[in-house]
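Please find below a colleague's note on one protein model. It is written for a student who is new to reading structures.

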Amino acid sequence: MSKKKDLNVGIVGYGFMGRTHSNAYLQAPRFFDVAYRPVLKAACARNADRVKGFAENWGYQSAETDWRALVARKDIDLIDIASPNDTHAEIAIAAAKAGKMVLCEKPLGRTAEEAKAMVDAVEKAKVPNMVWYNYRRVPAVVLLKKLLDEDRFGRIFHYRSQFLQDWTISQDLPQGGEGLWRLDSAVAGSGVTGDLLAHNVDMALWLNGPITEISAMTETFVKQRKHNLTGQVEPVKIDDASAFLCRFQNGSLALFEATRYARGHKALFTLEINGERASAAWDLHDLHRLNYFDHGDEGQLRGWKSVHITDGDHPYMKNWWVPGLQIGYEHTFIHQIADFLVALDGNRTAAPTFRDGLATDYVTDAVLKSAKTKKWEAVPAA
Ligand SMILES: NC(=O)c1ccc[n+]([C@@H]2O[C@H](COP(=O)([O-])OP(=O)(O)OC[C@H]3O[C@@H](n4cnc5c(N)ncnc54)[C@H](O)[C@@H]3O)[C@@H](O)[C@H]2O)c1
């Protein structure tokens, strides 16, 4: 195997995503034929002891407590933003200005306006950039994209997608601060619209093309919660549930729904697409299966097939174990960084880029706007 070039990584945030990304940097060059080897140069977060512990655990060479110091370092090529949504724009723009490659967690901005400034910064600096919409890298979903690109479905009539959770139902759950920043609109930007629906939307735009107009409704079921940072009971300004109807540019109609109030569901991300000649359905809880109906099948056994996507000719699978053996959630991040490294070697950019992330933010902004105006809202092109 040829010697890999070093790619020096500085990561911001050691939480949930800090761990998935760190694992991906370590595993991608071991399992995929990539020209670069990510070198874990520095981890950054505000708590000095905890960031040091995280750095030691994952093999980062150093720790920083101020992202500005991280961005200023000459020995870092790539800044990876794995911190809450209110930090994305400021860090990404500074990193681009410093000439660093920038990877950013989703949603790209708290609003499309923030996301647009981030796109302008990376495009002006001409630095490689990518948003971590990792579900695009589930092998079954990549196979679905291939089937759509091969025009096996014919005209598309319907798309529907849900993301259901149940972890905020208790009225006693506080808002804000560590672990609960998602309930604080100042930090998160929005509730389930930016947190969950953004994933459904990114995948839908990739699979089914642009969305043109939207009619939405949102609800905040628990109106007040104690704020962890102030100790006061404060109004809750995020959306607890969000649902919308929309039209795609290809003429299809769609239904989307996300909530944290679907008792019993932990992370039920589903999608179904119905075309003239075929339909397909996928579900994160059974992420290796692609359910497929082909109208061309003849005979009494025609019907839905449940295909187990683990063979060597399925997307990404030849890099893993043997046919029939599954991979999981963390592999979507490994695939994404492997694709980034391959693209980098070819002077290309791996999707979803910041501009793709902006397209999703335009949709989620239109959802929130339509829920307020109670009118259909147009979605701008990114
Ligand atoms: N792609 C996905 O499926 C997915 C899943 C979960 C979260 N996310 C996104 O990832 C981001 C982080 O979410 P998480 O669940 O990892 O959060 P988390 O609360 O688990 O971790 C956040 C980390 O950011 C650090 N941090 C906060 N403010 C900071 C600052 N100013 N400077 C430096 N560090 C700071 C915290 O100390 C913590 O280490 C969010 O944007 C979220 O939407 C994406």
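1. Basis of the note. The model is predicted: local features need pLDDT of at least 70, side-chain atom pairs count only at pLDDT 80 or more, and totals for chains, interfaces and linings use all residues. Residues are numbered from 1 along each chain as its sequence is written.

2. Overall form. The protein contains 10 helices and 17 strands; helices (H or I, at least four residues) and strands (E, at least two) are DSSP runs, numbered from the N terminus. Its radius of gyration is 21 Å, close to the 21 Å given by the globule rule for 382 residues, so the protein is as compact as a globular protein of that length. The radius is taken over C-alpha atoms, and the rule is 2.2 Å times the number of residues to the power 0.38. The C-alpha trace spans about 65 × 60 × 40 Å along its principal axes.

3. Helices H6 and H8. The axes of H6 (residues 139-149) and H8 (residues 192-208) come within 9 Å and cross at roughly 30°. Axes are lines fitted to C-alpha atoms, for helices over the stretch in contact, and angles run from 0 to 180 degrees between N-to-C directions. H6 is therefore roughly parallel to H8 (angles under 35 degrees count as roughly parallel, over 145 as roughly antiparallel, 65 to 115 as roughly perpendicular and the rest as oblique).

4. Helices H1 and H9. H1 (residues 16-31) and H9 (residues 329-345) have axes that come within 8 Å and cross at roughly 60°. The two helices are therefore oblique to each other.

5. The ligand shell. Which residues come nearest to the ligand? Of the 22 residues around the ligand, these are Gly13, Gly15, Met17, Ser83 and Glu105; a residue is near a molecule or strand if its C-beta atom, placed from the backbone, lies within 6 Å of it. H1 gives the most to this shell, with 3 residues.

6. Cis peptide bonds. Lys106 and Pro107 are joined by a cis peptide bond, with omega about -15°. Pro107 lies in the loop between strand E5 (101-104) and helix H5 (112-125). A cis peptide bond also joins Ala351 and Pro352, with omega about -5°, and Pro352 lies in the loop between H9 and helix H10 (354-373).

7. A positive phi. Tyr316, a residue other than glycine, has a positive phi near 70°. Tyr316 is placed in the loop between strand E16 (305-308) and H9.
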